[in-house]
Amino acid sequence: MTKVSITVDGVLHESEVEPRTLLVHYLREQVGKVGTVVGCDTSSCGACTILLDGRSAKSCSVLAVQADGSSVTTIEGLAGDEWHPVQAAFKECHGLQCGYCTPGMVLSAVDLLSENPNPTEAEIREGLEGNLCRCTGYHNIVKSVALAAETMKGGK
Amino acid sequence: MTELAEHVAAIGRPLKRKEDARLLTGKTQWTDNIQLAGALHMAILRSPMGHAKITKLDVSGALKYPGVEAAYGADELGDLNASVPCVWPVTDDMVAPDFPALAKGEVRHMGDCVALVLAGTAAQAADALEGIVVEYSSLPAVIDMDDAIKDGSPLVHSDKGTNKCYTYKLQPQGDGAYEAAKAKADIVVKRRFVNQRLIPAFMEPRAVVASPMGTSGELTIWSATQVPHVLRVLLALVTGVSENKLRVVAPDVGGGFGGKLQCYREEILCVALANKLGRPIKWTETRSEDMMATHHGRDQLQDIEIAATKDGKLLGLKVDLIANMGAYLQIITPGIPLLGMFMYPAIYKMDAYDFSCIGVFTNTTPTDAYRGAGRPESTYAIERIMDELANELGMEPMELRKKNWIKHEEFPYTTVAGLTYDSGNYEAATDKAMALFKYDELRAEQVKRRASGDKVQLGIGISTFTEMCGLAPSRTLGALKYVAGGWEHCTIRVLPTGKVELVTGTSPHGQGHETAWSQIASDTLGIPVDDIEVIHGDTRTSPYGMDTYGSRSLAVGGQAILRAGEKVVEKARLIAAHQLECSANDLEFDNGVFRVKGDPSKEKAIQAVAFEAFSAHDLPDGLEPTLQAESTVDPQDFSYPHGTHLCAMEVDTETGKSTIRSYVCVDDIGIQINPLIVEGQVHGGLAQGIAQALYEGAVYDSDGQLLTASFADYLVPSAPDLPSFVTDHTVTPSTTNPLGTKGVGEAGAIASTPAVINAIVDALRPYGVNDVPMPALPMTVWRTLNAARQGGK
């Protein structure tokens with residue numbers, strides 16, 4: 001077992017982990033952050049995406065020990081007093097159906113917009129390539145991200 | 001009393017979804033989130049072989065691993081090794097092999113369950129699978145359906161002596177009618193289409209937790225299922241646990257698309273073991289397990305022949321299917337082709353129809369329902385061959401369709417397959433779609449590109465589809481030998497404070513029932529949407545239901561909501577009349593308020609009536625307290641959504657790459673409850689249908705190795721692989737249900753596949769291409785084009 005100190009959604013957690021433990025399993029099983037989900041075993045689907053020190057990462061492709069000393073934001077810690085504009089836009093544009101891909105999709109979109117605040121439709125699609133959704137056909141997800149970009153430009 | 005908000009008409013408004021708050025903040029209740037004290041985690045050892053004898057199985061080695069409490073093969077499991085049920089024996093002589101939860105001596109597809117381990121954590125259970133000693137002696141596998149029905153083929157079930165599961169025939173006009181129609185024909189076009197195997201690939205992997213709860217031997221089963229009610233009945237039947245001791249809960253469920261319409265062996269094993277050991281048992285599949293052990297969809301060989309006059313009037317249609325059952329039968333495996341059987345004639349008038357289907361066993365994962373279930377296959381075949389017929393006749397493909405479709409003034413219309421379509425307006429949907437698509441301009445551009453020999457050719461694909469929804473009238477299901485009924489249930493309770501509990505038997509997994517059902521009840525009761533709580537997916541709190549599949553939830557379940565709401569209002573009216581001292585007939589009910597006709601100052605809100613019904617101090621004599629009602633509705637008939645889908649495809653003749661330039665669809669699903677949700681359903685369906693055309697296909701090698709057993713190998717499209725869509729609608733209400741709704745869950749998936757392939761073929765027609773296999777990946781298109789250029793076909 002290895003000791004790790006990881007700040008998750010603003011709270012410092014000091015835990016013992018098996019060295020082989022994936023960050024996503026650490027988050028779900030040891031910290032109880034079950035809002036972050038597992039969708040595949042090949043790092044293909046992006047359902048487990050979190051922000052690792054502010055940048056999006058698939059938490060199935062990071063070991064918990066690699067995240068030692070880092071700060072993780074999950075979907076459960078994204079909102080402050082109000083929802084993040086990306087969350088609000090997903091609701092407004094019906095950018096989710098079953099919601100399983102949604103935590104990862106939202107956090108990928110947050111990272112995408114921090115890199116490129118004015119994305120074109122093609123740039124949004126390319127930016128979300130690592131996140132699979134089986135319900136929406138991406139149409140309303142793309143609209144959601146475009147709306148969030150507009151909202152965030154407005155200084156929100 | 002609480003201050004009550006006023007009711008605003010809700011049906012037809014694009015309300016934002018109630019569900020989204022928890023889904024967008026990570027507060028969702030997925031089955032895998034459930035952690036119970038003392039739970040044992042199950043891991044399953046699966047066959048790496050397509051077909052083999054198990055010559056040795058020793059699970060004892062697993063017991064030496066840390067945390068392991070038990071390990072089972074079929075021998076150890078003994079009587080607990082129940083069989084997976086099939087509830088649709090389509091013919092009296094159907095071959096139905098035993099499908100034990102753990103294989104008994106022989107494995108018949110990659111992913112077949114061989115043994116299992118129970119341990120303290122999921123990781124410990126997975127580790128301990130290494131300790132199981134298993135030896136296989138490989139048997140010849142049969143994968144190809146044509147091969148499977150040849151004499152001398154290796155047999156999937158040697159004790160059955162055949163790979164044929166059943167042969168089904170439908171000749172509504174009698175034997176020989178098609179041949180007679182064909183004899184009058186000037187032209188007969190015959191094709192074989194391959195409707196390839198797909199994997200549902202819902203995003204939330206399957207998961208089950210079964211736990212003894214309470215003191216009376218009850219078992220609670222949480223499962224990522226579409227069908228908690230159906231599942232409870234089947235688990236009781238196959239495990240022997242008394243039905244009234246079983247509670248099945250479908251918490252938040254992350255997609256299904258038919259793939260979670262099942263009674264899976266893993267569900268059976270969790271229940272049997274939790275019941276035996278008195279401990280919670282939990283299992284969550286990996287994605288690779290999902291790809292090989294969740295049932296697959298489609299996989300039909302379609303020999304289709306259409307006969308017509310030289311001016312394009314259809315005379316008859318003959319369809320001979322070979323449908324892949326896979327290695328075993330699951331819940332409705334054999335019935336899937338029959339759901340398509342009635343729909344091959346689609347929207348077209350003709351004199352004779354002849355259908356046959358052979359179901360065959362192969363050493364592959366069992367097939368079953370996948371979005372559309374039989375109807376995408378039929379729609380693909382008919383819409384493809386309509387284009388082929390138009391080409392051979394030298395007719396514009398839309399003109400051929402117009403010449404043969406049922407005209408709007410001809411409804412209700414009984415088709416050659418024997419169904420009576422209640423309503424539709426194919427002309428209106430098509431006119432709207434063609435205008436949005438700029439059909440004539442695109443055709444003109446196509447002519448120019450062909451003339452200039454542009455290396456990127458333009459193709460236009462048409463699909464004027466209809467589907468059969470609202471499954472289903474119970475008597476019809478009985479006539480088709482399906483074991484269960486097709487009704488749906490709703491209970492509505494107006495609580496003393498005026499808030500409403502709506503208990504539905506439908507079981508959503510992404511469709512937004514909590515929002516849409518609130519809208520229906522809101523307008524019926526005159527109570528605001530936000531005051532209505534929709535309760536679903538738990539056999540304790542919603543004891544009756546037939547669940548969610550086949551675009552049935554609104555078309556059937558919506559009727560139960562409406563009727564239960566009407567009953568509540570009828571009862572409230574009696575109480576209001578009593579208290580306002582008038583006759584019930586003298587009351588009008590508007591926006592949640594009863595008013596005395598002619599004296600509108602005398603009024604009583606339905607919420608106030610609910611309190612009176614609760615206090616019961618002053619009710620009419622003989623009327624029972626509480627304001628609630630239930631309704632179980634058996635639908636009068638199916639509903640028939642339709643639409644016109646148009647795809648403009650640019651095909652690079654040098655690389656074979658197909659790029660959708662525009663996709664327009666105009667769907668007629670009758671009355672829409674929530675247009676926002678409707679649009680989302682169409683988008684998602686389009687993505688899955690387009691994915692069948694362009695990207696997805698489950699592939700086995702000749703030994704039965706599934707080569708597409710992960711998301712790294714099976715191409716579920718991501719955002720850059722799809723375009724934005726232009727969606728619109730016409731509204732022709734259904735006349736078979738009082739809401740006038742038809743169903744929308746499968747429309748996009750059914751309609752889009754032939755539109756896309758028709759577009760690619762249309763682009764390449766000048767090169768002699770008359771078909772393109774699915775998925776039309778660039779390499780496949782390029783090879784097809786080159787073969788045609790070299791005069792291959």
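Two residues are in contact if their C-beta atoms, placed from the backbone, lie within 7 Å. In this predicted model, local features need pLDDT of at least 70 and side-chain atom pairs count only at pLDDT 80 or more, while totals for chains, interfaces and linings use all residues. Residues are numbered from 1 along each chain as its sequence is written, and chains are lettered from A in the order in which they are written.

The contact between the chains draws 44 residues from chain A and 39 residues from chain B.

Chain A itself consists of domain 1 (2-78) and domain 2 (85-153), with bounds from an automatic or database domain assignment. Their centres, taken over C-alpha atoms, are 21 Å apart. Contact between them involves 16 residues of domain 1 of chain A and 13 residues of domain 2 of chain A. On the domain 1 side, β3(A) gives the most, with three residues; strands are DSSP runs of E, at least two residues.

The table divides two contact sides by residue class: Ala, Val, Leu, Ile, Met, Phe, Trp, Tyr, Cys and Pro are nonpolar, Asp, Glu, Lys and Arg charged, and the others, Gly among them, polar.

| Domain 1 of chain A, touching domain 2 of chain A | eight residues | seven residues | one residue |

Chain B has 20 helices and 28 strands. Its C-alpha trace spans about 90 × 70 × 50 Å along the principal axes.

Key: Helices (H or I, at least four residues) and strands (E, at least two) are DSSP runs, numbered from the N terminus.
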